[in-house]
Amino acid sequence: MQNGTRTITAKRQASTSLYVGCCIFIVIVFVGTSLSSGSAETRPDEQGPLDAIAGRSDTSPMLPVPEGTFLMGTARYIDKPFSLDLQYDDTEQPQRRVWLDRYEIDRDEVSLGQYVAWLSQHQRQIPDELRALIDHVTHVHALSVETLAQWPALYVSWAEASDFCHAQGKRLPTEAEWEKAARGEQASLFPWGSQPPTAALARFGHSHVHEIPVVTPVKTGEEGRSPYGLHHMAGNAAEWVADWFGIDYYMTMPERNPPGPATGRYKVVRGGSWKSTPMLLRTATRNGASPNQRATTIGFRCARSVTSSTTPTP
């Protein structure tokens with residue numbers, strides 16, 4: 001009887017050991033698989049959207065702006081206290097007739113896809129604010145990477161905008177070049193003319209509690225195009241230009257190809273954004289920001305000089 005009991009006990013112990021061993025093996029395999037799967041999934045979650053956005057970058061055509069004069073700034077109005085014709089502030093006065101040599105300028109604002117692709121190609125760090133924004137809108141708002149790639153570049157500093165343009169063989173436009181491209185030779189109040197802005201003409205007047213940009217693809221905006229055919233010269237994203245901001249520069253600037261002040265504290269920002277009021281969308285309205293500022297409201301476009309050796313864009 002004792003031998004039978006010992007045999008049964010031994011079998012039970014063996015079965016128990018085998019069961020425990022199998023469980024330990026299964027747990028180890030499961031944990032190991034989970035850890036390796038987790039590490040494989042974490043990287044696409046963090047990098048995937050950025051890579052996909054960069055992979056959908058598309059360059060803008062450049063449009064020519066002929067040499068010649070245009071009216072820069074705003075004439076002083078005293079009898080129109082509530083009109084959009086009224087100057088935004090005194091920094092856009094006096095109105096001057098300025099000569100510019102021929103140049104070319106991007107039809108569209110630089111897209112987010114172009115900006116992210118450039119950062120990746122040149123091994124530059126993605127701004128933390130931009131990374132957080134993309135993570136939020138893709139996971140919480142389910143925005144597609146195709147949509148994001150066509151947004152204007154956002155959270156870009158002035159130096160990055162300048163470096164991006166130079167990497168393309170271009171440069172940021174001067175303030176005078178930007179204004180002529182926006183308003184033409186006849187000093188249009190807005191890129192499309194004198195009509196006050198509407199939702200069909202510009203993206204403006206929006207707000208979002210979490211600062212999610214209410215922007216539209218850079219290639220849209222045909223109805224509100226400028227006299228030279230440029231899109232979004234009012235609203236969507238405000239734009240860095242090359243110049244330092246000088247409050248009294250218009251009084252002393254040269255009549256031909258004004259380059260802007262030699263130094264300053266702020267860089268000029270033009271055009272107004274998706275958050276702006278109609279007054280900030282005027283082609284003559286001036287604004288400025290610290291060169292290091294990154295915002296959901298500021299992007300840029302590029303320009304280049306046209307010389308005898310330059311092959312103009314068709």
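Start with the open sheet: 4 strands in the order β7-β6-β5-β8, with mixed pairing. The strands at its edges are β7 (287–289) and β8 (298–299), each with a single partner strand, so one side of each has no neighbour in the sheet. Here, two strands pair if DSSP finds at least two bridges between them; helices (H or I, at least four residues) and strands (E, at least two) are DSSP runs, numbered from the N terminus.

A quick note before you click on: this is a predicted model, where local features need pLDDT of at least 70 and side-chain atom pairs count only at pLDDT 80 or more, while totals for chains, interfaces and linings use all residues. Residues are numbered from 1 along each chain as its sequence is written, and side-chain values use heavy atoms, leaving out hydrogens and water.

Now select β5 (residues 238–244), which runs parallel to β8 and is joined to it by 2 bridges. Pick Ala 238 and you'll find its bridge partner in β8, Ile 298.

Most residues other than glycine have a negative phi, and most peptide bonds are trans.

- Go to Pro 94, in the loop between β2 (68–72) and β3 (96–100). The bond joining Gln 93 to Pro 94 is cis, with omega about 0°.
- Hop to Ala 142, in the loop between α3 (128–139) and α4 (145–149). Its phi is positive, near 55°.
- Finish at Asn 257, in the loop between α7 (249–252) and β6 (267–270). Phi of Asn 257 is also positive, near 45°.
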